Amino acid sequence: QVRFVESGGGLVQPGGSLTLSCAVSGIDFFEYGMNWYRQAPGKERERVARIMNNGVPVYADSVKGRFTISRDKRKTTVSLQMNNLKPEDTAVYYCNTGLHDSWGQGTQVTVSI
(Lines give C-alpha, C1' and ligand atoms only; values in the text may rest on other atoms or scores of the structure.)
Protein backbone atom coordinates (compact mmCIF):
# COMPACT_ATOMS: atom_id res chain seq x y z
CA GLN A 1 0.00 0.00 0.00
CA VAL A 2 1.40 3.36 -1.01
CA ARG A 3 2.30 5.75 1.79
CA PHE A 4 3.38 9.39 1.68
CA VAL A 5 4.80 11.03 4.82
CA GLU A 6 5.45 14.76 4.56
CA SER A 7 7.57 16.76 7.01
CA GLY A 8 9.52 19.97 7.37
CA GLY A 9 6.79 22.57 7.54
CA GLY A 10 6.64 25.38 10.04
CA LEU A 11 6.22 29.07 10.68
CA VAL A 12 8.54 31.37 8.77
CA GLN A 13 8.69 35.09 8.11
CA PRO A 14 8.25 36.48 4.60
CA GLY A 15 11.47 36.09 2.66
CA GLY A 16 12.46 33.05 4.66
CA SER A 17 13.15 29.50 3.56
CA LEU A 18 11.97 26.00 4.36
CA THR A 19 12.76 22.55 3.01
CA LEU A 20 9.98 20.00 2.88
CA SER A 21 10.59 16.29 2.63
CA CYS A 22 8.33 13.42 1.64
CA ALA A 23 9.11 9.79 2.34
CA VAL A 24 7.48 7.43 -0.13
CA SER A 25 6.89 3.72 0.42
CA GLY A 26 4.75 0.93 -0.96
CA ILE A 27 5.40 1.62 -4.63
CA ASP A 28 8.27 1.32 -7.04
CA PHE A 29 9.63 4.83 -6.58
CA PHE A 30 11.57 4.64 -9.83
CA GLU A 31 8.45 4.20 -11.95
CA TYR A 32 6.73 7.45 -11.02
CA GLY A 33 7.15 11.13 -11.40
CA MET A 34 6.54 12.94 -8.12
CA ASN A 35 4.56 16.06 -7.33
CA TRP A 36 4.20 18.58 -4.55
CA TYR A 37 0.75 20.03 -4.04
CA ARG A 38 -0.61 22.60 -1.63
CA GLN A 39 -4.01 23.51 -0.31
CA ALA A 40 -4.75 26.82 1.32
CA PRO A 41 -7.84 27.36 3.49
CA GLY A 42 -10.94 27.68 1.34
CA LYS A 43 -9.07 26.85 -1.86
CA GLU A 44 -8.67 23.79 -4.01
CA ARG A 45 -5.51 21.75 -3.92
CA GLU A 46 -3.04 22.86 -6.57
CA ARG A 47 0.14 21.34 -7.91
CA VAL A 48 3.19 23.53 -7.39
CA ALA A 49 6.03 21.32 -8.61
CA ARG A 50 6.65 18.07 -10.44
CA ILE A 51 9.79 16.07 -11.09
CA MET A 52 9.83 13.50 -13.84
CA ASN A 53 11.58 10.14 -13.71
CA ASN A 54 14.47 11.64 -15.65
CA GLY A 55 14.84 14.43 -13.09
CA VAL A 56 13.35 17.21 -15.19
CA PRO A 57 11.38 19.62 -12.98
CA VAL A 58 8.24 21.55 -13.82
CA TYR A 59 6.93 24.42 -11.68
CA ALA A 60 3.77 26.42 -11.34
CA ASP A 61 4.25 30.03 -12.36
CA SER A 62 3.52 31.16 -8.82
CA VAL A 63 6.62 29.41 -7.43
CA LYS A 64 8.99 29.42 -10.40
CA GLY A 65 12.39 30.75 -9.45
CA ARG A 66 11.72 30.32 -5.72
CA PHE A 67 11.02 26.60 -5.24
CA THR A 68 13.23 23.66 -6.20
CA ILE A 69 12.03 20.07 -6.31
CA SER A 70 14.44 17.16 -6.09
CA ARG A 71 14.34 13.44 -5.51
CA ASP A 72 16.70 11.05 -3.76
CA LYS A 73 16.32 7.62 -5.31
CA ARG A 74 18.44 5.94 -2.66
CA LYS A 75 16.16 7.14 0.12
CA THR A 76 12.96 7.20 -1.97
CA THR A 77 12.27 10.74 -0.85
CA VAL A 78 11.26 13.87 -2.68
CA SER A 79 12.10 17.32 -1.36
CA LEU A 80 10.91 20.84 -1.95
CA GLN A 81 13.31 23.67 -1.21
CA MET A 82 11.31 26.86 -0.78
CA ASN A 83 13.04 30.24 -0.81
CA ASN A 84 11.78 33.80 -0.62
CA LEU A 85 8.53 32.61 0.90
CA LYS A 86 5.47 34.83 0.67
CA PRO A 87 2.31 34.96 2.78
CA GLU A 88 0.39 33.51 -0.17
CA ASP A 89 2.52 30.35 0.10
CA THR A 90 0.74 29.55 3.36
CA ALA A 91 -0.93 26.16 2.93
CA VAL A 92 -0.77 22.49 3.78
CA TYR A 93 1.72 20.84 1.45
CA TYR A 94 1.37 17.27 0.18
CA CYS A 95 3.32 14.97 -2.10
CA ASN A 96 1.82 12.38 -4.41
CA THR A 97 2.53 10.67 -7.69
CA GLY A 98 -0.62 12.22 -9.10
CA LEU A 99 -1.93 8.75 -9.81
CA HIS A 100 -2.78 7.58 -6.29
CA ASP A 101 -5.91 8.38 -4.31
CA SER A 102 -4.19 7.87 -0.96
CA TRP A 103 -2.78 11.06 0.56
CA GLY A 104 -0.52 11.73 3.50
CA GLN A 105 -1.32 14.05 6.37
CA GLY A 106 0.54 16.92 4.75
CA THR A 107 2.78 19.46 6.43
CA GLN A 108 1.67 22.96 7.34
CA VAL A 109 3.61 25.93 6.03
CA THR A 110 2.73 29.32 7.47
CA VAL A 111 4.39 32.47 6.19
CA SER A 112 3.69 35.38 8.48
CA ILE A 113 5.35 38.20 10.38
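These notebook entries record what I looked up in the structure above.

**Ground rules.** I am working from a predicted model, in which local features need pLDDT of at least 70 and side-chain atom pairs count only at pLDDT 80 or more, while totals for chains, interfaces and linings use all residues. Residues are numbered from 1 along each chain as its sequence is written, and side-chain values use heavy atoms, with hydrogens and water left out.

Strands here are DSSP E runs of at least two residues, numbered from the N terminus.

**Glu6.** I then turned to Glu6, which is found in strand β1 (residues 3-7). Glu6 is buried yet has no salt bridge, and the nearest side chain of opposite charge, Arg45, is 7.7 Å away. For these terms, buried means under 20% relative accessible area, exposed over 50% and partly exposed in between, with a 1.4 Å probe and protein chains only; a salt bridge is a side-chain nitrogen of Lys or Arg within 4 Å of a carboxyl oxygen of Asp or Glu. The side chain of Glu6 does reach the backbone nitrogen of Cys95, at 3.0 Å. Leaving aside neighbours within four places in sequence, Glu6 is in contact (heavy atoms within 4.5 Å) with residues including Trp36, Tyr93 and Gly106.

**Salt bridges.** Searching the whole structure, I find five salt bridges. Asp89 pairs with Arg66, the closest N and O atoms being 2.7 Å apart; this pair links distant parts of the chain, with Asp89 in the loop between β8 and β9 and Arg66 in the loop between β6 (57-59) and β7, 23 residues apart. Asp61 forms a salt bridge with Lys64 at 3.1 Å between the closest N and O atoms; Asp61 is exposed, at 66% relative accessible area, and Lys64 counts as exposed at 51%. In the salt bridge of Asp72 with Arg74 the closest N and O atoms are 3.6 Å apart; Asp72 is buried at 19%, whereas Arg74 is exposed at 78%.

Key. Helix = DSSP H or I, 4+ residues; strand = E, 2+ residues; numbered from the N terminus. Lys, Arg positive; Asp, Glu negative; His and termini not counted. Polar contact = N/O pair within 3.5 Å; in protein donor to acceptor, adjacent residues only side chain to side chain.
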